[in-house]
Amino acid sequence: MTPTTAVEHRARPPASGRHGGVLAGARSRRAMLALAVVESGRLLRHPAVLAAAAFGAVLLWSSGRHIVPVLSRSDIATQIPVAPLAAAALLATNLARCELTATAPTTCTALPA
């Protein structure tokens, strides 16, 4: 077994400094924004989210047809149809996380820690 030694890389700039005129923080922000755009697009195209959006639109249309626009009733009538969409978004996000981290079929069957 050979002992490990620390090696300094002088050709590589430090992670927090400038590289090519762009700060490292700005590069990571751009990368994070690009990842967020791609992942939100995938989430919006998930079948559960699309079905819940259609179901929520039907609920919103059917609940608002015969209600007099009183604030207390209209408030509830607009919140309930959004609940299936929120549940579907959480479900699709959790399923995507399970697909990325699953090494065995039973990885995502337990509650997350």
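Helices are DSSP runs of H or I with at least four residues, numbered from the N terminus. In this predicted model, the secondary structure comes to 4 helices and 2 strands.

The largest pocket of the protein has a volume of about 160 Å³. Two helices, α1 (24-44) and α4 (83-101), each supply at least two residues of its lining. The most is given by α4, with 5 residues. The residues that line the largest pocket are E39, S40, R42, L43, H46, A92, T93, L95, A96 and E99. Sorted by class, this lining has 4 nonpolar, 3 polar and 3 charged residues.

Helix α2 spans residues 47-64 and includes A51. A51 has a relative accessible area of 47%. Because buried means under 20% and exposed means over 50%, A51 counts as partly exposed. A51 and P84 are 33 residues apart in sequence, and their C-alpha atoms are 9.2 Å apart in space.

For the protein as a whole, buried residues make up 9% of the 113 residues. Among contacts with a separation of 6 or more, 44% are accounted for by residues 24 or more positions apart.

Conventions: Residues are numbered from 1 along each chain as its sequence is written. This is a predicted model: local features need pLDDT of at least 70, side-chain atom pairs count only at pLDDT 80 or more; totals for chains, interfaces and linings use all residues. Side-chain values use heavy atoms; hydrogens and water are left out. On a 1 Å grid over the protein atoms alone, a cavity is a set of points where a 1.4 Å probe fits but cannot get out, and a pocket is an open set with protein on both sides within 12 Å along at least five of seven lines; lining residues have an atom within 4 Å of a point. Grid points are joined across faces, edges and corners, and a volume is the space filled by probe spheres set on the points. Ala, Val, Leu, Ile, Met, Phe, Trp, Tyr, Cys and Pro count as nonpolar, Asp, Glu, Lys and Arg as charged, and the others, Gly among them, as polar. Buried means under 20% relative accessible area, exposed over 50%, partly exposed in between (1.4 Å probe, protein chains only). Contact means heavy atoms within 4.5 Å.
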